[in-house]
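Open the model in your viewer and keep the selection tool ready.

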Amino acid sequence: MSADPGGLTFLDRPNSYIGRSVPRPNARRLLEGRGVYVDDVAVARLGHVAFLRSPHAHARIVALETADAAAMPGVIAVVTGAELAEVCAPWVGVLGHFKGLRSAPQHALAIDRVTWVGEPFCAVVARGRAEAEDALAAIMVEFDPLPAVVDMEAALDPATPAIHAELGDNLAFERVLDVGDVDAAFRDAAVVVEETFQFGRHTGVCLEPRAILADWAAADGMLTVHHSFQAPHMMQDILCKHLALPEGAVRVICKDVGGSFGIKVHIYPDEMATCALALMLKRPVKFVADRLESFQSDIHARDHRVTARMAFSAEGDILALDMDDLTGIGPYSVYPRTSAVEANQVVNLTGGPYRHRHYRARARVVLQNKAPTCQYRAVGHPIATMVAEGLVDLGAARLGLDPLAVRERNVIPDDAYPCAGVSGIKLEKLSHQAALAKLKAMMDYDALRAEQAGLRARGIHRGIGLAAFIEITNPSAAFYGVGGARISSQDGCTIRLDPQGGVVAAVSVTEQGQGTEGIIAQIVATATGVPMDKVRVISGDTQATPYGGGTWASRGAGIGGEAAWQAGKALRGNVLAVAGAILQADPGSLDVRDGAVVDAATGTERMPLAELGRIVYFRPDTLPPGVQPEFVATRHYVPKDYPFAFTNGVQASYVEVDTETGFVRLLKHWCVEDCGTVLNPLLVDEQIRGGIVQGIGGALFEHCLYDSEGQLLNGSMADYLVPMAGEMPDIAVAHVVSATASSEIGAKGAGEAGTAGAPAAVVNAINDALAPLNARVARQPVTPEVVLEALGLI
């Protein structure tokens, strides 16, 4: 046996690979007449793929010569977009419920034309990644550069050419919502405030970059895909559709994913190409994005420009909100969830915590020659929160009122639920009044204001910022299914009692480092009565878990956890029924505790589960007549009462601004959040802290900068700033609990709450610090340059 650098072991005989016959060496040949060069010696080896990516934001591919690359050492195949299109069908990222959403067909490898810097249009498969990259340099390409559409306003100018001529223009989607009598409310208002907010696009910077390994086993008719991904069943379905494979011919395995934040829940051209290449070449093919590729090809988010105004009464009541959101999404709407969702969320969520009844919003989604944008942690929430909370602070300042008092006056009362928000969203039970009261006590608000005033007198500029928010979690079938996307909104769990008394739980929600498997183990242990150390959780494998949606939109505990709870209860009931028959006792008088069947009233052990397992699995002949044990239980869950389980919360930030350098120092951050039942306080609190840090990244540091030609200027970790531990403040987290009645465990989601509210709290704190200097910032990230510009110093 010999080992290959890719980690697979091969038989020394060159014509045999794990028992499968392959052709003997035959120099180089064309694969099935496709013009794809293949080295037969390498057919039994793992291939590493590298992609030739566009150096232009927009250009025609005039000529592409690959023969020299194909002849280089170690090269297995060189594949162009046209060749790969014979194996992989294109896709269009639209949904039926986003009426009028338009996007052009997108291929795994671009054909004839490239539309952003980093778009893949040719692939080299070689024995090693370095050999594949060397061969890329030998490919000769002639481009005809085309005008790059970069700025959102310019993209809508009728004089600007359409990126996709067949669409006619660059407007991908528009939504207008008009509720109440907005014009009358503004006409009668005592105070009207207005602001234009700019949000810089940024990206996820996952600990582990995107990675995929696909292996087509022709003998089995099975494509097995190991994938750093969030939704394995979704990927399975899409691969079957676009590679023309029968259902069940694809197995997707997503284990130990090193972070995702929504980055790894979309269909990427290079990952689809990797799977298509495995099918084409009948061999395992592996792709791992390096950091430079990640910045150019991972989805971006938050590219918004919002002009909004808010009307107030003299007493501080919010009367109306009027908003216009312009969103840039790159050249395509991302498949299959679409790039319209973030703008749509901004319309739905802006002003969501407040009880005003007059609201007008317009969202326009614009195509650009930049990397595609799509859903990223807290989709649309930071924009919606910043717009509303920035205007609330402006209004409070104009009226001479305390910003916390204005929020206390305007939030939907805790006893008003269930009700509908002004945008029409259905709200089951929120707790803004309780959250504000708890936050005020946590931060000792009055004392902090007194400290701030004393420091201002000494020339130290500190600010306090607040942000109330609502958060979408536990999305139901209405979220994607109604639009025609084959994305499951239910999740399932199968639980099995093993002969030694342990439990195996296979669950369709997935783990990316947020603690999903730990929460499922905790729920299963509680539901079954088995110690947690005897619970094994299996996730992320389409062949080993029930069908489900995976983990996205803060649904792991609320939906996957409820499925696990119901399956555990069912198994416990089955165990007690069999134990009652063996012990000649009423099952209702028994219980399962610490891995043993006990008397429910006294706790006296009657039989360990290991003994029950031994009898059922190995001596079923001794069971009483008519007893048929079922020690496997499967349950699925999907919320039906409400389209979403909305959570809510409020955050506060305390900052100090150096008015000479423009630097912002974060001093303290507070968050009170209501995610329903808190299943694991440590995991929940750390999820919220992590989300806050990610939100602070967008507020102060992270920005994908493009020039006028569509070139990404800071696409490396040397230039793209992410928040570091030394820059972060102490973050205090507390909870109010309003359990959802849609499930028995009552859990809502918590994964995105921190990101939803943190940017607004931080930016409002900066503006509070700058208020005595008559300066204000409205552009994120708030870099020192932005602060100094606001102060008129540069």
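Select β30 and strand β31 (residues 596–599): they pair in the antiparallel sense over four bridges. Strands are DSSP runs of E, at least two residues long, and helices are runs of H or I, at least four, numbered from the N terminus. Two strands pair if DSSP finds at least two bridges between them. This is a predicted model, in which local features need pLDDT of at least 70, side-chain atom pairs count only at pLDDT 80 or more, and totals for chains, interfaces and linings use all residues. Residues are numbered from 1 along each chain as its sequence is written, and side-chain values use heavy atoms, with hydrogens and water left out.

Pick V592: opposite it in β31 stands V597.

The open sheet has the order β30-β31-β32, with antiparallel pairing. β30 (590–593) and β32 (605–608) are the edges; each has a single partner strand, so one side of each lacks a neighbour in the sheet. From one strand to the next, the twist averages 30 degrees.

Show helix α15 (residues 556–583). It packs on the sheet and touches β30, β31 and β32 (contact means heavy atoms within 4.5 Å). Its direction makes about 125 degrees with that of β30. Axes are lines fitted to C-alpha atoms, for helices over the stretch in contact; angles run from 0 to 180 degrees between N-to-C directions. Then show helix α16 (residues 609–618), which lies across β30, β31 and β32 at about 55 degrees to β32.

## Second stop: β19

Select strand β19 (residues 285–288). V285 and F287 form its covered face, K286 and V288 the uncovered one. Strand β7 (residues 47–53) runs parallel to β19, joined by two bridges. There, H48 has K286 as its bridge partner. Strand β16 (residues 211–217) pairs with β19 in the antiparallel sense, over four bridges. A214 is bridged to V285.

Go to A59, in strand β8 (residues 59–65). Its relative accessibility is 0%, so A59 counts as buried (under 20% relative accessible area; exposed is over 50%, partly exposed in between; 1.4 Å probe, protein chains only). Its contacts, leaving out residues up to four places away in sequence, include D112, F143 and L146. The C-alpha atom of N369, 310 residues apart along the chain, is 10 Å from that of A59.

## Last stop: the cores

Which residues touch the most other members of the largest nonpolar core? Select L223 and L243, in a core of 162 residues. A nonpolar core is a set of buried Ala, Val, Leu, Ile, Met, Phe, Trp, Tyr and Cys residues joined through side-chain atoms within 4.5 Å. Finish at a second, separate core of 43 residues, including I520, A564, F631 and L679.
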